[in-house]
Amino acid sequence: MVPTGAYGTWPSPIDAALAASHDGRPEYVGTVGDEVWWTAPRPAEDGRRALVRWRPDGTEESVLPAPWNVRSRVIEYGGRPWAGTPRGEGGPLVVFVHYPDQRMYVYEPDSGGEPRPLTPVSAQGGGLRWADPVVHPGRGEVWCVLEEFTGEAPTDVRRVVAAVPLDGSAADNRGAVRELSEDRHRFVTGARLSPDGRHAAWLAWDHPRMPWDGTEVLLGEVADDGPFRAVRRIAGGTDESVAQVDWADDGSLLYVSDRGNWWELQRIRPEGLDDGADAPEGTGLCPGRGEEFGGPLWKIGLNWFQPLDSGLIAVIHGKGATALGILDPETGELVDTAGPWTEWAPALTAHGTRVVGIAASPRSGYEVVELDTRTGRARVIGAAHLDPVDPAYYPEPQIRTFTGPDNREIHAHIYPPHNPDRIAPGDELPPYVVWAHGGPTGHAPLVLDLEIAYFTSRGIGVAEVNYGGSTGYGREYRNRLREQWGVVDVEDCAAVAEALATEGTADPDRLAIRGGSAGGWTTAASLTSTDVYACGTISYPILDLTDWATDGTHDFESQYLESLIGPLAEVPGRYRERSPIEHVDRITAPFLLLQGLDDPICPPAQCERFLARTAGRGIPHAYLTFEGESHGFRRADTLIRALEAELSLYVQTFRIARRDVPVLDFRK
């Protein structure tokens, strides 16, 4: 007989160390000849990103030993940090960005040599930064994004498409870098070369727009030297977001645009590119499905579609959850890949008839998956999920839609407490924690997350809320948050929590909220404006809007609040009224504050000022800081400490009888 145990007291084999060891996921998959390469997390190695290669014989190995860390800091969130080419009999050649110095290096792993720098060091702004490289061996150069700081302020920065010589001549000479685009646009992605070599296409946008607000597809003529010529806008605009652009083998330009509410795949035939007209009308290749074929461009070099040699197009699409499909652009027929996966990362690549992506499901973490388009068979080839514990301890998610204020829909994933070794008393309701995702222009994916299982296997439920403003449900849903940040997100999270309590799913007296970055903002704003929650966990948050909007963060998001809150020059009072730091007197619930000390996006100074105003008010709180951590935690010891501290907050606040977690030292 399964013993009875109160919610929150259940023993679990999923400890914090196990959850930390599975934090992170493979990213930036690509093919190098017949091989498949990607970057992989290494929490136990100070959180570095390793470069991994998979050979056709099934072997998987690291390309670079520690401490090499393949990760870019462009726009701080980074972007694609590597590119490779088969090269020839001597083996592959790869270029990559090394995180500590942000230089780009070239390396021939089969030659026995060492990586050689391709780019110089700059003392200004922590160095020149590079992302989204494409190797052009015939031209002897790498095309990529160059981010260059020009002053001390975080917004003193310029970005251009650049060409870096492969011969290493730019390693000590900034002048050897050839700038391909002008810096009249604040932000750019890497350029893609047309099949005939005559044109290049890339994306650009400017403040105060974010890339999901409006981007332009620029087309330029390629010159043998100097910048692109006759540059013109070919698609997109101030109110149209294009998330990706690339070329089909027939010379057609493909791009993903949300001009019809959903990000959908568009095509401009070659003849439409040569007539000199601005912004010819693209043709939708799979219209009217009410699904997303793209997403928010938080990092440079994300791929939601991949043209194939056959003329077909591999696409990631869906509403909420996503699938990998093969699209016939002539007929509009779309055939999805069979398999258990419910979330595909925007990281597609192809080689011949093979399509490779990164996917996960509610029963498996992110894996590298290969689809053979000839047979329709998909298989896992890398980063394979191996159950570290009996899957019986995993939660079973429920996909639900709730009704919020003004009768609006709210999408959420509900993870009830679950443990095969315990049942709860019949007269007890479980505690629940609402998870507010970051972004806020993002979404909570439907995938296995051992951090969620860490709580549910102990008897604490989790509700992931894709509040208004989340991606995956069209531009109209995304735009609900325009000038309503701190209102709609707070209301939607509270509506889900209260609905769970009203229907008898959750204990109304034991509700909590947690989130990081923008989710940390929503958590703090919830604690200062509602009485729904008994406690909250706030990680690397935004707490002072006025400070954040005036050189208080990095350049990429420095004007994000112009759309989320409103123009600062016009509504300065709204910035003060919405800021949690202005309302610490309203907080009545205990909270835990977690912060990386090297965070350039949400600097620790905001937390310190927030705590100074909280001191002496009698509210139990704890503040944990982590040396060497930036925005989001990567190191195993940090992840363990943060997760155990969060559990300790709930154990103490909800008066759960367990002693296997370190006691959190509260201040008042």
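Strands, labelled E, are DSSP runs of at least two residues, numbered from the N terminus. All the views below come from a predicted model.

**View 1. Arg48 in strand E3.** Arg48 belongs to strand E3, which covers residues 48-54. Its relative accessibility is 6%, and because buried means under 20%, Arg48 counts as buried. Setting aside neighbours within four places in sequence, you will find Arg48 in contact with Ala40, Pro41, Arg42, Ser62, Leu64, Pro65, Ala66, Pro67, Trp68 and Asn69.

**View 2. Asp258 and its polar partners.** Here we look into strand E19 (residues 253-260), where Asp258 is found. With a relative accessible area of 2%, Asp258 is buried. Its side chain makes a polar contact with the side chain of Arg478 at 2.7 Å, and a polar atom of that Asp258 side chain lies 2.8 Å from the backbone nitrogen of Ser241. Not counting residues up to four places away in sequence, Asp258 touches Trp212, Glu240, Ser241, Trp263, Arg475 and Arg478.

**View 3. Helix H5 and its cover.** Helix H5 runs over residues 488-502 and reaches 20 Å from its first C-alpha to its last, close to the expected 21 Å. Of its 15 residues, 11 are buried, including Val488, Cys493, Val496 and Leu500. Among the elements covering the buried residues are strand E31 (398-403), strand E35 (511-516) and helix H6 (518-529). After H5 comes Gly504, with a positive phi near 85 degrees.

**View 4. Trp143 and Phe228, an edge-to-face pair.** The model has 25 aromatic pairs by the ring-centre rule. In this one, the centres of Trp143 and Phe228 are 5.5 Å apart, with 70 degrees between the planes. The pair links distant parts of the chain, 85 residues apart: Trp143 is in strand E10 and Phe228 in the loop between strand E16 and strand E17. Trp143 is buried at 1% relative accessibility, and Phe228 is buried at 7%.

**View 5. Trp298 and Tyr560, another edge-to-face pair.** These two rings are 6.0 Å centre to centre, with 70 degrees between the planes. They lie 262 residues apart, with Trp298 in the loop between strand E21 and strand E22, and Tyr560 in the loop between helix H7 and helix H8. Trp298 counts as buried at 14% relative accessibility, as does Tyr560 at 1%. Both rings belong to a cluster linked by ring pairs, together with Tyr77, Phe187, Trp205, Trp212 and Phe556.

**View 6. Arg514 over Trp435.** Arg514 lies over the face of Trp435, 3.8 Å from the ring centre.

Notes. Residues are numbered from 1 along each chain as its sequence is written. This is a predicted model: local features need pLDDT of at least 70, side-chain atom pairs count only at pLDDT 80 or more; totals for chains, interfaces and linings use all residues. Side-chain values use heavy atoms; hydrogens and water are left out. Helices (H or I, at least four residues) and strands (E, at least two) are DSSP runs, numbered from the N terminus. Buried means under 20% relative accessible area, exposed over 50%, partly exposed in between (1.4 Å probe, protein chains only). Contact means heavy atoms within 4.5 Å. A polar contact is a pair of N or O atoms within 3.5 Å; within protein, one must be able to donate a hydrogen and the other to accept it, and residues adjacent in sequence count only if both atoms are side-chain atoms. The expected span of a helix is 1.5 Å times one less than its number of residues. Rings of Phe, Tyr and Trp (its six-membered ring) pair if their centres lie within 6.5 Å; planes under 30 degrees apart count as stacked, over 60 as edge-to-face and the rest as tilted. A charge sits over a ring if NZ of Lys or CZ of Arg is within 6 Å of the ring centre and within 35 degrees of the ring normal.
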